[in-house]
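Hi,

Here is the structure I promised to pass on. My notes follow below it; have a look when you get a moment.

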Amino acid sequence: MEILADVNAFVYENSEVELITDFYTPNATLHAETEENVVLSNMIDSEETIELSQALVVPELDNTKILNISGDVALNERNILNGKIAMTGTVNIYVLFSKVGNHLIESKKLELPFQQVVKVENMTQNMEPLLHINVDSINYAMAGENQLQVTVNLNVSV
């Protein structure tokens with residue numbers, strides 16, 4: 001007979017876990033094998049939306065028609081505090097545009113730096129969170145001849 005045992009436990013501190021195997025039967029010799037155990041502790045799921053809004057001066061966008069805007073996030077630094085993650089990074093915004101009266105398509109990369117604090121209940125400094133940040137949406141409007149008003153919504157998942 002082969003038996004596979006799956007053990008789930010919840011713990012609240014870092015500690016070494018000892019696995020004891022003990023089998024007994026009076027009629028046969030038993031053999032036990034174990035594999036490496038993976039321990040995930042203090043599983044906390046948290047999601048938050050961050051809104052960044054800024055007017056950017058972009059001389060290249062004078063007399064243009066914006067065709068598309070997309071973006072991604074580059075996280076530069078994160079600091080874990082009790083109940084919070086402080087992070088700094090940059091939202092890279094890619095603007096695809098065409099000059100009025102010209103059929104050429106051009107692109108421009110804009111950088112929008114940010115500093116943000118995300119609250120994560122029950123998180124402590126000794127935890128090692130998995131942090132995922134992505135761009136949910138980018139809204140924009142021309143706020144002058146060469147000024148672009150950008151609002152970026154970021155999804156932060158911890």
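This is a predicted model: local features need pLDDT of at least 70, side-chain atom pairs count only at pLDDT 80 or more; totals for chains, interfaces and linings use all residues.

T90 lies in strand β3, which covers residues 84-99; strands here are DSSP runs of E with at least two residues, helices are runs of H or I with at least four residues, and both are numbered from the N terminus. With a relative accessibility of 14%, T90 counts as buried, where buried means under 20% relative accessible area, exposed means over 50%, and partly exposed is in between (1.4 Å probe, protein chains only). Setting aside neighbours within four places in sequence, T90 is in contact (heavy atoms within 4.5 Å) with D72, V73, A74 and N76, and also with E111, L112, P113 and F114.

Residues are numbered from 1 along each chain as its sequence is written, and side-chain values use heavy atoms, with hydrogens and water left out.

Now the overall picture. The protein has six strands and zero helices, so from the N terminus the order of elements is simply β-β-β-β-β-β. Of its 158 residues, 26% count as buried. Among contacts between residues at least 6 apart in sequence, 65% join residues at least 24 apart. The accessible surface comes to about 12100 Å², and 46% of that belongs to carbon and sulfur atoms; areas are from the Shrake-Rupley method with a 1.4 Å probe, and for residues only the protein chains shown count as cover.

Back to β3, which also holds K84. K84 counts as partly exposed because its relative accessibility is 35%. Beyond four places in sequence, K84 is in contact with N79, V117, V118, K119, V120 and M123.

What sits in the middle? The largest nonpolar core has 30 residues, and I93 and V95 have the most contacts inside it. By nonpolar core I mean a set of buried Ala, Val, Leu, Ile, Met, Phe, Trp, Tyr and Cys residues joined through side-chain atoms within 4.5 Å. Two or more residues come from each of β1 (47-57), β2 (64-81), β3, β4 (105-119), β5 (132-142) and β6 (147-157). The largest share, six residues, is from β3. As background, nonpolar side chains in soluble globular proteins tend to be buried together. V95 itself touches L61, I66, N68, I69, E106, S107, K108, L110 and L148, not counting residues up to four places away in sequence.

There is something nonpolar on the outside too: L67, L96 and I105 form a surface patch with about 260 Å² of accessible area together. Patches take residues with over 30% relative accessible area and no salt bridge, joining like charges within 9 Å and nonpolar side chains (Val, Leu, Ile, Met, Phe, Trp, Tyr) within 5 Å. L96 is in β3 and is partly exposed, given its relative accessible area of 34%.

On strand pairing, β1 and β6 run antiparallel and are joined by eleven bridges; two strands pair if DSSP finds at least two bridges between them. E48 stands opposite V156 in β6. β5 and β6 also pair in the antiparallel sense, over ten bridges, with Y140 having V150 in β6 as its bridge partner. Their hairpin has four residues between the strands, and G144 there takes a positive phi near 160 degrees.

Last, the charges. How many salt bridges does the structure hold? There are two, counting a side-chain nitrogen of Lys or Arg within 4 Å of a carboxyl oxygen of Asp or Glu.

- E60 with K108: the closest N and O atoms are 3.2 Å apart. This pair links distant parts of the chain, 48 residues apart, with E60 in the loop between β1 and β2 and K108 in strand β4. E60 is partly exposed at 33% relative accessibility, and K108 is partly exposed at 26%.
- K109 with E111: the closest N and O atoms are 3.9 Å apart. K109 counts as partly exposed at 43%, whereas E111 is exposed, with a relative accessible area of 52%.

Cheers
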